[in-house]
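Please read the points in order, with the sequence and the model at hand.

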Amino acid sequence: LSGLSSHPELQHLLFFTFCLIYTTAIIGNLLIFIVTVHPTLRMPMYFFLRVLSFLDISTASIVVPKMLVNFLSEDRSISYMGCATQLYCVIFLGATECYILAAMAYDRYMAICNPLRYAIIMNSRVCHSLVLLSCCSGNIVSVVQTAWVFTLPFCGPKKINYFFCDIPPLIMLSCTDTSSYEKQIITGTVLVIFTPFCLILVSYACIISSILKISPAEGRHKTFSTCSSHLTVVTLYYASGTLIYLRPKSSNSQDTKKVLALIYTTVIPTLNPLIYSLRNKEVKAVLTKIIAE
């Protein structure tokens with residue numbers, strides 16, 4: 001693994017920077033996980049937020065520790081099975097998070113557009129079923145994509161110009177025509193990113209329509225503020241994933257793809273706790289109560 005930079009003088013600075021980012025991501029998501037278990041936050045929204053925090057911790061932990069070791073080590077090798085395992089986990093967690101974000105949008109749609117039936121429709125069984133369906137879908141996508149990548153013939157230098165094992169840098173090492181495989185990646189990207197993204201757009205179109213019918217401007221602002229955090233995360237996550245996987249062998253430089261990959265593997269897991277806690281009065285109230293105790 002070539003890592004983020006080939007400049008030796010930057011390795012220690014990068015190590016301390018990403019060590020701080022990783023620590024912040026772990027602590028922040030653990031706090032969200034602990035806070036949302038509180039009895040006053042038993043709503044489906046906080047259940048999905050807890051699942052999202054678990055996925056963020058897992059994604060960061062799959063990528064960042066190995067990256068940190070490589071900053072300080074001359075031996076940046078990764079085993080064949082280790083690379084396959086890392087690729088499987090990254091795709092599984094990423095795809096599952098895409099579906100969870102869509103489930104969260106559906107939850108907000110039901111809460112705002114169907115408030116009287118919300119508690120009946122979004123019961124515990126439905127919430128757990130949505131999470132299970134997301135995980136199963138993510139697993140299928142990951143197994144298929146990982147199997148396809150590792151059936152390609154690799155030749156030449158065994159140097160992956162990336163900081164973790166991912167689809168774009170791996171297919172660059174293949175010594176065969178990968179055009180048919182790239183079409184399969186595009187199909188997977190449509191299923192994993194565009195399908196849930198379209199569902200999110202439909203959900204928010206209905207939500208905005210309902211919000212505009214609320215008479216007081218204050219009421220509209222309060223209702224939309226509950227969705228703005230989710231929209232922020234969705235925009236960052238889906239945009240970075242689309243730019244990387246929709247055109248895996250595009251003219252974009254590997255450095256650009258590294259930056260985009262950093263967004264969904266390290267930046268978003270760090271920002272999620274800040275976005276959801278700073279913009280949510282209920283989370284802040286429970287967190288303050290826990291600290292006070």
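1. A disulfide is taken here as a pair of cysteine sulfur atoms within 2.5 Å. The model is a predicted one, and a search of the whole structure finds one disulfide. The partners are Cys-83 and Cys-165, whose sulfur atoms are 2.1 Å apart.

2. What does this link join? Cys-83 belongs to helix H3 (residues 80–113), while Cys-165 sits in the loop between helix H5 (124–149) and helix H6 (167–171), so the bond ties together parts that are 82 residues apart in sequence. The link of Cys-83 and Cys-165 is left-handed, with -120° about the S-S bond.

3. Other cysteines deserve a separate remark. The closest cysteine sulfur to that of Cys-113 is in Cys-206, at 5.7 Å, which is too far for a bond. Cys-113 is partly exposed, its relative accessible area being 25%. Cys-155 also counts as partly exposed, at 36% relative accessibility.

4. Helix H5 may be checked for its length. It has 26 residues, which at 1.5 Å a residue should span 38 Å; the C-alpha atoms at its ends are 38 Å apart, in agreement with that expectation.

5. Which residues of H5 are buried? They are Cys-127, Val-131, Ser-134, Gly-138, Val-141, Ser-142, Gln-145, Thr-146 and Val-149. The cover over the buried residues of H5 includes helix H2 (44–72), H3, H6 and helix H7 (179–212).

6. The last point concerns charged side chains. Side chains of opposite charge can pair when their charged atoms come close. How many salt bridges does a search of the whole structure find? The search finds one, formed by Asp-107 with Arg-108, with the closest N and O atoms 3.0 Å apart. Because buried means under 20% relative accessible area, both partners fall in that class: Asp-107 is at 1% relative accessibility, and Arg-108 is at 10%.

Notes. Residues are numbered from 1 along each chain as its sequence is written. This is a predicted model: local features need pLDDT of at least 70, side-chain atom pairs count only at pLDDT 80 or more; totals for chains, interfaces and linings use all residues. Side-chain values use heavy atoms; hydrogens and water are left out. Helices (H or I, at least four residues) and strands (E, at least two) are DSSP runs, numbered from the N terminus. Buried means under 20% relative accessible area, exposed over 50%, partly exposed in between (1.4 Å probe, protein chains only). The expected span of a helix is 1.5 Å times one less than its number of residues. Contact means heavy atoms within 4.5 Å. A salt bridge is a side-chain nitrogen of Lys or Arg within 4 Å of a carboxyl oxygen of Asp or Glu.
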